[in-house]
Amino acid sequence: EEKKEEEKEEVEDEGLEIPEFIEKYLDLLEEKISKLESTAAETKVKGQQPLEDDPLFFKVVRQILKLYKDLSAPIKPESKQGPLINRICGIHFRALCYLEDEFKYLLEELRNVEPDPKQEVAAAAAADQGTEAGEGEDRPAEESKLQEYSDQVLAHMNKIAMEMISGGHEFECREIYMTCRMHIIGETLKNLGFEKISIDDAQKMPWELLERDIPPWITIFKQCANVHFPAERKLAETIFSGHPSLYETIITNLARGLFIQFLNFPEAAAFCKLTTEKLFKFLDMYEALRDNLFAIDSVFPQECANELRTETTTCRCRIGESAICIFCDLENSIKSDTGKTPVAGGAVHPLTRYIMNYLKYACEYKDTIEQVFKDHSKIERADSTSRPRDYESRSLKYKKNDAGEDRPPFQEQLMRIMDLLDSAIEAKSKLYKDISLSCIFMMNNGRYMLQKIKGTVELHKVVGDNWCRKRSSDVRNYHKSYQRETWTKLLGCISNHGLNVRGKVVKPVLKEKFKSFNAMFDEIHRTQSTWVVYDKQLQSELRVSIASVVIPAYRSFLGRYSQYLDPGRQTEKYIKFQAEDIETYIDDLFDGNPGGKKT
């Protein structure tokens, strides 16, 4: 029975008459395709625009596809009419191959001139501002990116794509599109300075090289998030309109790999050796990852968006954890500064300058750092086990601000660092054998800290007025101690004690007092002219306070007792200074000049 059935089908196939005009129609199609191929080849060689798309050709392609479907069902390939079916199939395939070539040529060669990278930076910045202002949905940057192709070219590519998809070449169409666009995007990013780098390679790079690449990475990441990715989606939607699943697959495959490549860079940076100078670059990357997440939801399909958001959040968390460890490691920077050589002239210690400038700069990132500490407070210190047993009880004093409110973790850590710096500077003041110089050192460092705090609004808010008042009081107390150690002792040389015996001035005692005063003042001038008071206001305050104490006392002593010295050689020998001279020499103090003006 099966044999009979097969014989019946063969008879039916052989009995199916194919009109003669079909063969002639196919001849015309082959001739048409040959001409198109020849014309396209010449056009591409000459670098010209292709001819306008021929609506009739697209109609013919659809007709031949329909013809193939209509005839291939009743006619088997091995039948007498099989060669005709194969010919129809071959012509259809050849037509689609021609469309593939045209599609690729349009994608690669008929792009408008690539925008100036500076314009793209501006477009990214504009997109950033629009996002912050809640205007991220209609970004001019996307529209300008869409004009990478003219409207005519876009319409032509759309027709070709639709024809290839309906003709069963969806896979080929998708692959051509993705390959071309991936190459174009890669070239664009390369021109902007982006280089693909693996985590392993980044970890082997010296920090100086990695640091140099961070600002370009941030700029390009923002551009991709705000300009390139949304524009790529818009382009795919335009060319593959009516096929949402297809263009979502394309944008997922096209941009997802690139997005992961972007994340490789901060991931690698997070695993580098952590040192204090890296904090601000880490915070820059953290902000870039935090502030440009909207692109994930607006560009990628939901499933892919969720995956990428998780990847991005994980990467941002690693950067945040590293930033916390770096900031908290300032404690170790202070503790490890164990130098035993005092700073010359009692000047501001380099540690004070470094820590205060570091904290000032950190407060420019205050909102970001507070968010990082809040989100990742559980890993506040990697070496928490090394803290003293009484650490928690001692740190309670940092938990409240001036208003009695709990400080955020970042502010609490900053106050802990300030307290450690205070203790470190006080310990270093003890390296000076001269108590007066030790007081100058403490005044210098205290005033420097106050100026940095009062000159930085955010830092002042964190530290508070109570701390500033206490520090100002400490500086005044050191000022008093300095004056007592230096100038009160000097004034002791010209006291009235022992000068009068039975109502008469004892000249040998008077001479000794002038001699002692001269020698001590000379020594003070010689020594303290080399000391340094960097702050002009503090320098002036010190000089004024010294003059207000010393000059009236010396003038009074000179006016009262100079008459008891014989005029001439004796006066010249014992009275070396007039009151005006004392004032001039006081103005030499704290300039850091050996010997001052006197020499």
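Reader: Where does Val549 lie?
Author: Val549 lies in helix 24. Helices (H or I, at least four residues) and strands (E, at least two) are DSSP runs, numbered from the N terminus.

Reader: Before we go on, what kind of model is this?
Author: This is a predicted model, in which local features need pLDDT of at least 70 and side-chain atom pairs count only at pLDDT 80 or more, while totals for chains, interfaces and linings use all residues. Residues are numbered from 1 along each chain as its sequence is written, and side-chain values use heavy atoms, with hydrogens and water left out.

Reader: Back to Val549, then. How does Val549 count in terms of accessibility?
Author: Val549 has 32% relative accessibility, so Val549 counts as partly exposed. Buried means under 20% relative accessible area, exposed means over 50%, and partly exposed is in between (1.4 Å probe, protein chains only).

Reader: And what separates the C-alpha atoms of Val549 and Gln483?
Author: A distance of 9.4 Å separates these C-alpha atoms, although Val549 and Gln483 are 66 residues apart along the chain.

Reader: Now the rings, please. How many aromatic pairs does the structure hold?
Author: There are 31 aromatic pairs in the structure. Rings of Phe, Tyr and Trp (its six-membered ring) pair if their centres lie within 6.5 Å; planes under 30 degrees apart count as stacked, over 60 as edge-to-face and the rest as tilted. One of the pairs is formed by Phe221 and Phe262, which are edge-to-face, at 5.8 Å centre to centre and with 80° between the planes.

Reader: Which helices hold Phe221 and Phe262?
Author: Phe221 is in helix 10 (residues 207-239) and Phe262 is in helix 11 (residues 244-270), so the pair links distant parts of the chain, 41 residues apart. Phe221 counts as buried because its relative accessibility is 2%. Phe262 is also buried, with a relative accessible area of 0%.

Reader: What about the rings of Phe517 and Tyr554?
Author: Their centres are 4.6 Å apart and their planes are at 15°, so this pair is stacked. Phe517 lies in helix 23 (residues 507-528) and Tyr554 in helix 24 (residues 536-561), so the pair ties together parts that are 37 residues apart in sequence. Both Phe517 and Tyr554 are buried.

Reader: Which residues do ring pairs link into a cluster?
Author: The cluster consists of Phe194, Trp217, Phe221, Phe229, Phe259, Phe262, Phe265 and Phe300.

Reader: Changing topic: which residue lies over the face of Tyr286?
Author: Arg316 does, at 5.6 Å from the ring centre. A charge sits over a ring if NZ of Lys or CZ of Arg is within 6 Å of the ring centre and within 35 degrees of the ring normal. Arg353 likewise lies over the face of Tyr534, at 5.8 Å from the ring centre.

Reader: How do the axes of helix 8 and helix 10 cross?
Author: The axes of helix 8 (residues 170-192) and helix 10 come within 12 Å and cross at roughly 155°. Axes are lines fitted to C-alpha atoms, for helices over the stretch in contact, and angles run from 0 to 180 degrees between N-to-C directions. Helix 8 and helix 10 are therefore roughly antiparallel to each other. Angles under 35 degrees count as roughly parallel, over 145 as roughly antiparallel, 65 to 115 as roughly perpendicular and the rest as oblique.

Reader: Finally, where is Phe590 found?
Author: Phe590 is found in the segment after helix 26. Phe590 counts as buried, at 1% relative accessibility, and its phi is near 70°, a positive value in a residue other than glycine.
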